[in-house]
Amino acid sequence: MTKTAKPVVHIDDERFKVTEWRFAPGAATGWHRHMHDYVIVPLSDGTLTLDMPGGQQAQAQLKQGVPYSRRAGVEHDVTNASITAPLSFLEVEVVEDTLAQRRRAVLERLMAMFNARDLDGLMGCMATECAFHSAAGPEPAGKVHRGQAAVRAAYAAIFEAFPVAAWTEGAHVIAGDTGLSTWRFIGTARNGTAVDVRGCDVFAFDGDLIALKDSYRKAQG
Ligand code: NI
């Protein structure tokens with residue numbers, strides 16, 4: 001029976017996962033698919049046998065301290081080709097993209113909660129310390145609403161002003177701590193005025209949640 005390589009996790013945080021893989025002679029990791037980009041740093045010289053989908057097999061020479069990088073999506077079973085010597089390497093995975101995925105999901109949820117007119121759902125997307133800068137207002141930033149209560153009241157005022165409202169054509173991008181959503185707002189104001197306008201929000205994040213929603217929209221007329 002094939003021996004199994006032993007993983008020892010040294011770092012597991014929002015940005016990196018660092019795992020030391022210790023292979024006894026002939027030991028294997030078992031089949032796995034890499035979900036993140038990664039760097040391998042050999043801790044010893046050695047030879048790996050790489051079994052790949054479709055029955056392909058390759059060998060990789062490891063040189064102590066000489067790293068190599070691979071991209072997410074690699075799928076293989078990795079075996080210590082030596083039947084006499086152990087080997088080990090560090091696997092450094094970049095897991096920051098999972099944070100970006102969570103943030104992107106929050107932007108999608110925020111838009112869904114606007115369309116559902118769900119104030120609790122909206123505030124569930126906002127950080128404890130949060131702000132909303134409206135598109136229009138007396139200040140250079142528009143109108144500034146700071147703190148959970150003020151932001152909640154400002155969102156409620158949007159629903160109050162627009163009995164009919166749809167946020168459509170949403171597209172969301174995350175770049176580091178910044179998010180960008182573009183959209184098309186189609187609504188009818190309480191006084192009967194129809195509005196159909198494109199706009200965007202620039203977001204700042206605190207962890208997974210929104211610390212700032214800074215709104216911009218095209219001026220009509
Ligand atoms: Ni692997």
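The residues that line the second largest pocket divide into 11 nonpolar, 4 polar and 3 charged, where nonpolar stands for Ala, Val, Leu, Ile, Met, Phe, Trp, Tyr, Cys and Pro, charged for Asp, Glu, Lys and Arg, and polar for the others, Gly among them. The structure is a predicted model, in which local features need pLDDT of at least 70 and side-chain atom pairs count only at pLDDT 80 or more, while totals for chains, interfaces and linings use all residues. Residues are numbered from 1 along each chain as its sequence is written, and side-chain values use heavy atoms, with hydrogens and water left out.

This second largest pocket holds about 220 Å³ of space, a pocket being an open set of points on a 1 Å grid where a 1.4 Å probe fits, with protein on both sides within 12 Å along at least five of seven lines, and its lining being the residues with an atom within 4 Å of a point. Of its 18 lining residues, Y38, L50, Y68, H76 and V78 lie nearest the centre. Two or more lining residues come from each of strand 4 (38-42), strand 5 (46-51), strand 7 (68-70), strand 8 (75-80) and strand 9 (87-94), strands being DSSP runs of E with at least two residues and helices runs of H or I with at least four. Strand 8 gives the most to this lining, with 3 residues.

H34 counts as buried, at 4% relative accessibility, whereas H32 is partly exposed, with a relative accessible area of 24%; buried means under 20%, exposed over 50%, and partly exposed in between, for a 1.4 Å probe and protein chains only.

The largest pocket has a volume of about 460 Å³, and of the 20 residues that line this pocket, F132, S134, A135, I158 and R217 are the closest to its centre. Here the elements that give two or more residues are strand 10 (126-139), strand 11 (142-146), helix 3 (148-161), strand 13 (178-188) and strand 15 (209-217). By class, the lining of the largest pocket has 12 nonpolar, 3 polar and 5 charged residues.

Note on methods: Grid points are joined across faces, edges and corners, and a volume is the space filled by probe spheres set on the points.
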